[in-house]
Amino acid sequence: MRHVIFFGNALHGDDGFGPVVYHRLGRLDLPADVRLFEAGTCGLNALALFEGCDEAIVVDALAPGNHPGRVIQPAARTLALDAALAGHDAGVGHLLAALAALGVPPPHIIAAEAERVQPFSHVLSAAMTRAVDAAVALLCRRLGIDHA
Amino acid sequence: MARVELNIDLNRVEGDLEIGLSVEDGVVVEARTVGTMFRGFEQIMVGRAPRDAMVVAPRICGICSTSHLFAAVLALEHAWGVAVPPNASRIRNLCLLTEAIQSDIRQTFLFFAPDFCQDRYHGHPQFAELMGAFEPFRGSVYKETLDVTRKLVRIIAEFGGQWPHSSYMLPGGVTCPPDVRRLMACGAALDAAQTWYETRVIGASTDEWLAVDSADALFAWLEQPAHAASAWGVLSRFIRSLDLHRRGAGTPHMLSFGTGCDPDRWGPPFDAHLLASGFFDGDSGQVVGLDQAQINEHVRHSWYRPYPGGRHPSQGETVPDYRPGGDRYTWAKAPRYADKVVQTGPLAELLIAGDALIRDLFAHEGSNAWLRQFARLRRIGVELALAQRMLQELAEHLGEPHFLAPAADAERDGQGYGMVMAARGALGHWISIRDGVIEKYQIITPTSWNASPRDADGQPGHWEQSLVGLKVADQDDTAELGHVIRSHDPCLVCAVHFLDSGRRQVFSPSL
């Protein structure tokens, strides 16, 4: 079984990257061994989603930097505890550290750099919208999904 | 005016809070809690079908969603006069207790204890022992806590399908029956947590632990090698060495809405709990019966449309009116009981329920940061015993109903309230239904009681009172304030700010 776990707040502008990718992927025909989870702003509460699978993939937004919309696949150990966007609180950074402490194999991470995180906006920036296309294509290749 | 923002690391749970402090000669002389986030869940409810509350309310909090679901369904059942079968109350109680156990364990060993794993305590003789147990992501107890708590909430998922944010309670009962497989799965998860609590946290059986009934007996108990070496033994010794048992008293008045619902006695007047509800009057030292009519909410110092004095939540409103710069300073309201400032949480819950050890410790040392944390740790044992009782009773009544369908005409207009003890204390929901939809919905959370601002009479809230008098040796390192704040188990991200312009600083919220 493979779990793909999407993080982010759909009402905070580019922080909605994960949920948007989740909905795009959810419309496709998935292999029987792939399950998608929208984890929202969960931190440690998402620990259970990493159980019962051979591989876990985390999809999330990265805090704004110099390359808005850039999609990267960082190793979990390279992310700081506070790498998650403000608002995730005991967030994905802590979650990844907790997984490592528990001896869970590190998940594969697909992340896109936000351009702006705007409360009470469900609209992604143009850069992040392009990042959604790139992430969907990346996930389809990795998961063996037919993506016309 | 210069403002120094201190990096007290309290941002490991949800929410947003700042604390503004005025310091005179190194002593806190005034504190103000500033809730910086408007939630607005009450408005989301208005105009919706009443049953929507069971979907919306659990989303209020990712830490205590079961308690919000419980309060919401009790409010609807109260408004509609709907009865529930004993098994429904047992399942609700089991899930509520489970949520509280995992919250209490996480608060103690993932949030409170790691605050002591910092360089300022490097010279303390217990430092190495402390790091070995509680250092984030490395300490043995820290790592075990992650594992134990992630497995424990499977109990709620057995009945709710998921945790958090599940919606398995509904007027008349719950959605799933207590079949043998579920009970076995729940029993295994609960047993594993209890075994860990007994072997690693207290170093004894839960029964032995709960039999300790006086302060003298407790301190003698903690001297015994097995108990001294337990996680709580290590932590307790350390935090008492910092004098936390002499700090952070806050208000002497306490409030409990009662633990769970007594399955066999639940019904009008809705006051039969597993552990009794009540109000502890700190002036008289007496516990009196709870009267929800005594609750009111003030907005004199909050960013809401003003009204004079306090209003009972059934007559309340939550209309934002953001006006920075004046003497209003928070998005939190100021709930009061009989016009008194109260504290709520495990200390209030066990004291009011008559726990002999807690009462004796309170009699000896009064309200303090150590006792609040101790009560939380003690409560885990109480909760485990009650949860085991619920499982046992479910096994004995396996074939009985888990749901009684309300009468067809039950869903009428009216008012109701649901009150429970959540992990952090007294939680109440008040609903008013008119023309078939929610007309009003008011929520008072535990942190609203504890972190309230000043009221119409100028009385500071409990946290605000608990910080006054604390010494601040170094404004760049205020861990001592952080420990007191953490003992309240804030359901909020918290940053502490000094208002710094010389000998006497003047408060001005940073918004």
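The model described here is predicted. Two strands of chain A pair with β5(A). Strand β3 (residues 55–62) of chain A runs parallel to β5(A), and six bridges link the pair; within this pairing, Val59(A) has Ile110(A) as its bridge partner. Strand β4 (residues 71–72) of chain A is antiparallel to β5(A) and is joined to β5(A) by two bridges, with Ile72(A) opposite Ala111(A).

Val59(A) is also among the contacts of Val4(A), a residue of strand β1 (residues 2–7) of chain A. Val4(A) has 27 C-beta neighbours inside 10 Å and therefore counts as buried, the cut-off being 20 or more. Leaving aside residues up to four places away in sequence, Val4(A) touches Val34(A), Leu36(A), Ile57(A), Val59(A) and Leu139(A). The C-alpha atoms of Val4(A) and Thr41(A), residues that lie 37 apart in sequence, are separated by 15 Å.

In chain B, three strands form an open sheet in the order β6-β7-β8, paired antiparallel. Strands β6 (254–256) and β8 (286–288) of chain B are at the edges; each has a single partner strand, so one side of each lacks a neighbour in the sheet. From one strand to the next, the twist averages 20 degrees. Three bridges connect strand β7 (residues 278–281) of chain B with β8(B), and Phe280(B) stands opposite Val287(B). Helix α13 (residues 346–353) of chain B packs on this sheet, where it touches β6, β7 and β8 of chain B. The direction of helix α13 makes about 80 degrees with that of β6(B).

Note on methods:
Residues are numbered from 1 along each chain as its sequence is written. Chains are lettered from A and ligands numbered from 1 in the order in which they are written. This is a predicted model: local features need pLDDT of at least 70, side-chain atom pairs count only at pLDDT 80 or more; totals for chains, interfaces and linings use all residues. Two strands pair if DSSP finds at least two bridges between them. Helices (H or I, at least four residues) and strands (E, at least two) are DSSP runs, numbered from the N terminus. A residue is buried if 20 or more other C-beta atoms lie within 10 Å of its own, exposed if 12 or fewer, and partly exposed in between; C-beta atoms are placed from the backbone. Two residues are in contact if their C-beta atoms, placed from the backbone, lie within 7 Å. Axes are lines fitted to C-alpha atoms, for helices over the stretch in contact, and angles run from 0 to 180 degrees between N-to-C directions.
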